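Here's a quick tour of a protein model, written for someone who likes cut-offs spelled out. Have the viewer open and follow along.

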Amino acid sequence: MRGPWTSFALLLLAGPLLACAGGGALGTGAGRDADVITLAEIEATQVATAYQLVQQLRPRWMNRSRGDRSFGVAEADRIKVTVDGLPPREFDYLGDIPRDALLELRLLSPREATLLYGTGFNAGIIKVTTKR
């Protein structure tokens, strides 16, 4: 038999878990993941390239670098791009990828990038999946 304090304690523990189960990142709008650009989002735009797509839909991805932005930013401190599992390239490479070829773009944290591609990705990686 549970007393009133037991029920209260369960509510205190369950509250934060239920709040987290709402899904999505904070401030991203209903049902939108801040770290993923989906096919539906891609098709809803009128841009020509993946670079313009990121610029329009997730501009914060463009500002991901670690350290001083004016002088001496190490190569590892700039965000990189990988397309369909190929070796990572510079962020500007997104300008060479037509929007119509895209299936999904996903921002990987520095930790995720290190686990998948090794060290040297302090700003993370944008993982591009094309329709192939």
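What follows goes from the overall fold to the sheet, the core and a few single residues.

## Ground rules and overall fold

This is a predicted model, so keep in mind that local features need pLDDT of at least 70 and side-chain atom pairs count only at pLDDT 80 or more, while totals for chains, interfaces and linings use all residues. Residues are numbered from 1 along each chain as its sequence is written, and side-chain values use heavy atoms, with hydrogens and water left out.

The protein has 4 helices and 5 strands. Here helices (H or I, at least four residues) and strands (E, at least two) are DSSP runs, numbered from the N terminus. Walk along the sequence and you get α-β-α-α-β-β-β-α-β.

Of the 132 residues, 29% count as buried. Buried means under 20% relative accessible area, exposed is over 50%, and partly exposed sits in between (1.4 Å probe, protein chains only). As for contacts (heavy atoms within 4.5 Å), residues 24 or more positions apart account for 62% of those with a separation of 6 or more.

In what order do the strands of the open sheet sit? The order is 1-4-5-2-3, and the pairing is mixed. Strand 1 and strand 3 (89-90) stand at the edges with a single partner strand each, so one side of each has no neighbour in the sheet. Two strands pair, by the way, if DSSP finds at least two bridges between them.

Now for the individual pairings. Strand 2 (residues 80-83) runs antiparallel to strand 3, joined by 2 bridges, and Lys80 stands opposite Glu90 there.

Helix 3 (residues 50-57) packs on the sheet, where it touches strand 1 and strand 4, and its direction makes about 55 degrees with that of strand 4. Helix 4 (residues 110-117) also packs on the sheet, touching strand 2, strand 4 and strand 5, at about 110 degrees to the direction of strand 4. The axes behind these angles are lines fitted to C-alpha atoms, for helices over the stretch in contact, and the angles run from 0 to 180 degrees between N-to-C directions.

Strand 4 (residues 102-108) itself pairs with strand 1 (residues 36-37) in the antiparallel sense over 2 bridges, with Val36 opposite Arg106. Strand 4 also pairs with strand 5 (residues 125-130), again in the antiparallel sense, over 6 bridges. In that pairing, Leu102 has Thr130 of strand 5 as its bridge partner.

## The core

The largest nonpolar core has 20 residues, and those with the most contacts inside it are Ile37, Leu53, Leu94, Leu102, Leu105, Ile126 and Val128. Helix 3, strand 2, strand 4 and strand 5 each supply at least two residues of this core, and the largest share, 4 residues, comes from helix 3. A nonpolar core is a set of buried Ala, Val, Leu, Ile, Met, Phe, Trp, Tyr and Cys residues joined through side-chain atoms within 4.5 Å.

Leaving aside neighbours within four places in sequence, Val128 is in contact with residues including Val81, Val83, Leu94, Ile97, Leu102 and Leu105.

Which residues of helix 3 are buried? They are Ala50, Leu53, Val54 and Leu57. Seen down the axis of helix 3, the buried residues fall within an arc of 95 degrees, so they line one face of the helix; the arc is that of the directions from the helix axis to the C-beta atoms. These buried residues pack against strand 1, helix 2 (39-43) and strand 4.

## Single residues

Here are some accessibility values.

| Residue | Relative accessibility | Class |
|---|---|---|
| Phe121 | 11% | buried |
| Asp84 | 25% | partly exposed |
| Tyr117 | 26% | partly exposed |
| Leu86 | 52% | exposed |
| Arg132 | 75% | exposed |

Leu86 is in the loop between strand 2 and strand 3. Most residues other than glycine have a negative phi, yet phi of Asp84 is near 50 degrees, a positive value. Arg132, in the segment after strand 5, has a positive phi too, near 45 degrees.
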